Amino acid sequence: MRKTYPFDPLIEAIVTARDPDALTKALQDFCRRFGFLYFAYLRLDGSRWRAVSNYPQGWQERYYTLNYSRVDPVVHAVKQGVHPFCWSLDDAVLDRERRDVRAFRDDARAHGIMAGFSIPVRVGFSHHSVLTFASSDTLCLRSAMTLDTIEAATTAAMLHLAFTQAKNRWSKTSSTALTPFEAICLRWIAEGKSMQDVADLLERKYSTVRVSVDKARGKLDAVTLQQATAVATRLALI
């Protein structure tokens with residue numbers, strides 16, 4: 001049995017994801033496992049920004065309409081440093097901030113956003129991106145403080161790359177569509193693991209893994225597992 005690392009399932013999902021929905025599900029699963037409600041990937045390109053998030057829709061619309069990235073203290077911290085950090089909008093230090101920053105804080109809290117864990121990524125040319133996990137209370141910070149910052153930075157960088165290369169990586173015209181679980185199972189088998197090993201690694205039943213692998217083999221029109229992994233690798237599916 002391998003040693004488990006909190007970010008491993010998310011990293012493996014990023015590697016094998018074939019569409020944005022698979023990444024969204026993996027991010028939501030990570031949130032559930034570690035006591036967060038929300039995730040947000042935000043890319044900052046000078047005065048422009050783009051986001052992928054499951055924050056409440058009302059909050060996303062206000063953030064965009066009011067251009068809150070200008071006064072968001074998390075975004076400000078991201079631009080000042082490169083290390084993952086915990087934050088809380090309940091911090092008394094924000095009471096001494098400018099009126100527009102305090103208004104942002106109050107609006108965020110009204111939409112159920114109180115605290116979180118943010119992972120900055122420097123992406124070159126003075127631009128940044130950030131992966132944030134957040135919740136409506138500060139309890140999430142207990143688990144956030146146990147997360148390894150190097151693993152967190154690796155995960156955020158891989159996620160940034162996945163979204164950056166989305167057009168080339170996620171083709172909607174592919175006739176061979178493996179589910180995220182099928183792709184992860186095949187990837188482990190390509191790494192030399194048996195189906196029982198994969199079941200143990202993913203903490204799933206052997207029968208679940210076997211059925212998923214058989215379905216993947218059928219989709220790839222492969223006779224053997226070796227052929228299935230070869231075809232999936234050639235098609236960049238794993």
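Predicted model: local features only at pLDDT ≥ 70, side-chain atom pairs only at ≥ 80, totals over all residues.

User: What makes a space a cavity and not a pocket?

Analyst: On a 1 Å grid over the protein atoms alone, a cavity is a set of points where a 1.4 Å probe fits but cannot get out, whereas a pocket is an open set with protein on both sides within 12 Å along at least five of seven lines. Grid points are joined across faces, edges and corners, and the volume is the space filled by probe spheres set on the points. The largest cavity has a volume of about 40 Å³, and the largest pocket holds about 670 Å³.

User: Which residues line the largest cavity?

Analyst: Its lining (residues with an atom within 4 Å of a point) is made of Thr 16, Ala 17, Arg 18, Asp 19, Ala 22, Leu 178, Thr 179, Pro 180 and Ala 183.

User: And what lines the largest pocket?

Analyst: There are 24 lining residues, with Pro 9, Asp 29, Arg 33, Ile 184 and Leu 202 nearest the centre. H1, H2, helix H9 (180-190) and helix H10 (195-202) each supply at least two residues of that lining. Helices here are DSSP runs (H or I, at least four residues), as strands are (E, at least two), numbered from the N terminus.

User: Why is Thr 155 called buried?

Analyst: Buried means under 20% relative accessible area, exposed over 50%, and partly exposed in between, with a 1.4 Å probe and protein chains only. Thr 155 has 0% relative accessibility, so it counts as buried. This residue is in helix H7. Leaving out residues up to four places away in sequence, Thr 155 touches Phe 7, Leu 10, Ile 11 and Ile 14 (contact means heavy atoms within 4.5 Å).

User: What makes Asn 67 partly exposed?

Analyst: Asn 67 has 27% relative accessibility, so it counts as partly exposed. Asn 67 sits in the loop between helix H3 (57-65) and helix H4 (73-80), and its phi is near 50°, a positive value in a residue other than glycine.

User: Why does Glu 203 count as exposed?

Analyst: The relative accessibility of Glu 203 is 67%, and therefore the residue counts as exposed. Glu 203 is in the loop between H10 and helix H11 (206-219). Its phi, near 55°, is also positive in a residue other than glycine.

User: What makes a group of residues a nonpolar core?

Analyst: Members are buried Ala, Val, Leu, Ile, Met, Phe, Trp, Tyr and Cys residues joined through side-chain atoms within 4.5 Å. The largest core has 32 residues, of which Phe 7, Leu 10, Phe 30, Phe 36, Phe 117, Phe 133 and Leu 159 touch the most other members. H2 gives the largest share, six residues.

User: How confident is the predictor in the chain?

Analyst: The mean pLDDT (the predictor's confidence in each residue, from 0 to 100) is 87, and 92% of residues reach 70 or more. Confidence is lowest in helix H8 (residues 166-169), at a mean of 56, and highest in strand E3 (residues 85-88), at 96.

Definitions and conventions
Residues numbered from 1 in each chain as written. Heavy atoms only, no water.
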